[in-house]
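Thanks for making time this morning. I would like to walk through one model with you, slowly, and then take comments.

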Amino acid sequence: MFPLRVPIFAVLVSLTVGQYDDYDYQPASQYGPSSANCAQECECPINFPTAMYCDSRKLKFVPIVPSGIKYLYLQNNLIEEIKAGVFDNVTAELRWLVLDHNQITNEKVAKGTIDKLTGLHKILFSFNKLTEAVIPPSMSLDELKMMNNQLSKFPAGSLAGMQNLTSVHLQNNELTSKALNGVFKGLNKLVAIDLTNNKLKKLPSGMPSSLETFYGDHNGISSIAAGDLKELPKLAYLRLAYNQMTDAGIPAGVFNVTSLIELDLSYNKLQSIPEINEQLEHLYLQVNEINKFNLENICKFSGPLNYSRLKHLRLDGNNITHADLPHDSSNCLRQASDIIFD
């Protein structure tokens with residue numbers, strides 16, 4: 001199971017939240033008759049005895065989970081609360097907890113429930129009514145999904161020490177840069193963060209050097225600090241479309257890093273092509289206010305060994321046309337298969 005959505009030209013992960021494919025789900029009926037070691041509201045197939053299927057049953061509460069259950073599916077219900085004691089039999093052995101598409105609020109998550117799950121690998125808690133992230137104290141956690149809630153708070157230090165965490169999905173919430181500052185610090189296996197459609201004004205501080213993918217589309221980001229990307233030497237996919245960035249908010253050379261493969265700055269307020277590294281392969285600048293083709297920001301020098309690796313460049317929706325392409329651009333852009341102006 002992979003956590004994030006698909007980049008424009010690189011298959012990474014899926015974004016189909018709440019769909020069965022999102023958590024390698026197979027309906028209980030495919031596994032045969034149910035085991036006796038099961039909550040009466042659910043099914044626990046004999047052929048897959050460590051899974052309990054309670055999804056799509058109009059449940060309003062989480063049933064008591066019997067010992068031996070490692071995979072708990074509770075998606076697509078009407079659950080409003082998680083009562084104390086329901087996880088007491090599986091505090092150390094539960095591996096997956098799927099709570100997508102319910103009506104759970106923070107006030108109705110009792111103490112001694114999720115905060116006692118020390119063995120979780122995955123928590124999927126999207127499409128609920130949470131205002132503050134609910135984090136299990138599991139050092140084994142590798143995937144965290146809390147998309148499409150109302151999150152504005154993220155408890156400081158709640159992810160500290162989670163050295164197995166590889167992906168975090170918090171898109172479509174109300175999180176600010178301040179709320180996330182330092183949250184991801186020291187998570188040395190974290191490779192993917194998706195904060196699309198939140199309330200960021202800048203990149204969160206303290207993101208780990210292991211990060212490969214960051215999605216921050218549809219926020220209010222107006223600037224990038226000069227050292228932000230230097231602290232992310234493995235960052236390959238950066239999406240910052242639909243923000244408020246201007247030339248003044250982009251320091252010289254901030255995107256000139258060798259690790260970047262894909263950079264999306266479309267739907268901003270840029271007036272010029274930012275300086276990029278020759279290793280960049282996909283650059284999206286459509287629907288800005290660009291009025292000049294700055295070839296020198298793509299290739300400092302052109303020669304047999306000095307040229308851009310750009311394959312795709314989008315400049316449509318700006319104030320330039322193909323006629324503005326410099327006559328000497330062919331050597332620099334020799335690998336470009338398409339350059340789109342309109």
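Asn106, Val109, Ala110, Lys111, Thr113, Ile114, Asp115, Glu132, Ala133, Val134 and Ile135 line the largest pocket, where a pocket is an open set of points on a 1 Å grid over the protein atoms alone at which a 1.4 Å probe fits, with protein on both sides within 12 Å along at least five of seven lines, and lining residues have an atom within 4 Å of a point. By class, six of these lining residues are nonpolar, two polar and three charged, with Asp, Glu, Lys and Arg counted as charged, Ala, Val, Leu, Ile, Met, Phe, Trp, Tyr, Cys and Pro as nonpolar, and the others as polar.

This is a predicted model, in which local features need pLDDT of at least 70, side-chain atom pairs count only at pLDDT 80 or more, and totals for chains, interfaces and linings use all residues. Residues are numbered from 1 along each chain as its sequence is written, and side-chain values use heavy atoms, with hydrogens and water left out. The mean pLDDT, the predictor's confidence in each residue from 0 to 100, is 91 for the protein chain.

Beyond four places in sequence, Lys300 is in contact (heavy atoms within 4.5 Å) with Glu275 and Glu278. Tyr242 is partly exposed at 35% and has a positive phi near 55°; for Tyr267, phi is also near 55°, and this residue is partly exposed at 33%.

Conventions: Buried means under 20% relative accessible area, exposed over 50%, partly exposed in between (1.4 Å probe, protein chains only).
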